[in-house]
Amino acid sequence: YPTILSPYHLLITTKRLTWGLLPLHTSGITACTYHLFYNRLPLLVPLQAMLTCIGNTTAAYAAFRIAVSNGWRWSEFSSRISQDDDNDNNNHNHNNNNNNN
């Protein structure tokens, strides 16, 4: 169940997300620098790709840490996946029955 976060807890979790998004911001600056110099710095292309990959990973990890600190558990995710699978199977069977009539 969701809990009310203290101001300190909220500050810590948002700092984590900020640090997690920093490589993505740096990736965007790298792309702008590359185009600013009319594509004459070919080293910036792999640097941007690396920063994007690192940024996506750190942002996902920061979001995961925020979710866990708010009380989210992995079992909620796996139970939701199985519920979605059951719903998909039921809808598929229902559609097949309607098409046969």
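I count a residue as buried under 20% relative accessible area, as exposed over 50%, and as partly exposed in between, with a 1.4 Å probe and protein chains only. By that rule, buried residues make up 13% of the 101 residues in the protein.

**Entry 1: ground rules**

I am reading a predicted model, in which local features need pLDDT of at least 70 and side-chain atom pairs count only at pLDDT 80 or more, while totals for chains, interfaces and linings use all residues. Residues are numbered from 1 along each chain as its sequence is written, and side-chain values use heavy atoms, with hydrogens and water left out.

**Entry 2: overall layout**

I looked up the secondary structure and found 3 helices and 0 strands. Helices here are DSSP runs of H or I with at least four residues, strands are runs of E with at least two, and both are numbered from the N terminus. Along the sequence the pattern reads α-α-α.

I then took the contacts, meaning heavy atoms within 4.5 Å. Of the contacts with a separation of 6 or more, 69% join residues 24 or more positions apart.

For the surface, I noted that the protein exposes about 8100 Å², with carbon and sulfur atoms supplying 62% of that area. Accessible areas come from the Shrake-Rupley method with a 1.4 Å probe, and for residues only the protein chains shown count as cover.

**Entry 3: helix H2**

I checked the length of H2: its 26 residues reach 36 Å from the first C-alpha to the last, close to the 38 Å expected at 1.5 Å a residue. The expected span is 1.5 Å times one less than the number of residues.

Which residues of H2 are buried? I listed Leu 44, Leu 51, Gly 55, Ala 59, Ala 62 and Ile 66. An α-helix has 3.6 residues a turn, so residues three or four places apart point the same way. The cover over the buried residues of H2 includes H1.

Just after H2, I noted Gly 71 with a positive phi of about 105°.

I started from Ser 27, which lies in helix H1 (residues 7-36). Ser 27 counts as buried because its relative accessible area is 4%. Residues up to four places away in sequence aside, Ser 27 touches Gln 48, Leu 51 and Thr 52.

Thr 30 also belongs to helix H1. Is Thr 30 buried or exposed? Its relative accessible area is 7%, so Thr 30 is buried. Setting aside neighbours within four places in sequence, I found Thr 30 in contact with Leu 44, Leu 47, Gln 48 and Leu 51.

With neighbours within four places in sequence left out, Leu 44 is in contact with Thr 30, Thr 33 and Tyr 34. I also took the C-alpha separation of Leu 44 and Cys 32, which is 9.9 Å for two residues 12 apart along the chain.

**Entry 4: Ser 69**

I moved on to Ser 69, found in helix H2. Ser 69 counts as partly exposed because its relative accessibility is 26%. Which residues does Ser 69 contact, leaving aside its neighbours within four places in sequence? They are His 9 and Thr 13.

**Entry 5: nonpolar patch**

I looked for nonpolar surface and found a patch of about 520 Å² made by Tyr 61, Phe 64, Val 68, Trp 74 and Phe 77. Two elements give two or more residues to this patch, helix H2 (44-69) and helix H3 (74-100). H2 gives the most, with 3 residues.

Patches use residues with over 30% relative accessible area and no salt bridge; like charges are joined within 9 Å, and nonpolar side chains (Val, Leu, Ile, Met, Phe, Trp, Tyr) within 5 Å. A salt bridge is a side-chain nitrogen of Lys or Arg within 4 Å of a carboxyl oxygen of Asp or Glu.

Tyr 61 sits in helix H2. At 48% relative accessibility, I record Tyr 61 as partly exposed.

**Entry 6: aromatic pair**

I searched the whole structure for aromatic pairs and found 1. Phe 64 and Trp 72 form it edge-to-face, at 6.1 Å centre to centre with 85° between the planes. Rings of Phe, Tyr and Trp (its six-membered ring) pair if their centres lie within 6.5 Å; planes under 30 degrees apart count as stacked, over 60 as edge-to-face and the rest as tilted.

Phe 64 is partly exposed, with a relative accessible area of 35%. Trp 72 is partly exposed as well, with 24%.
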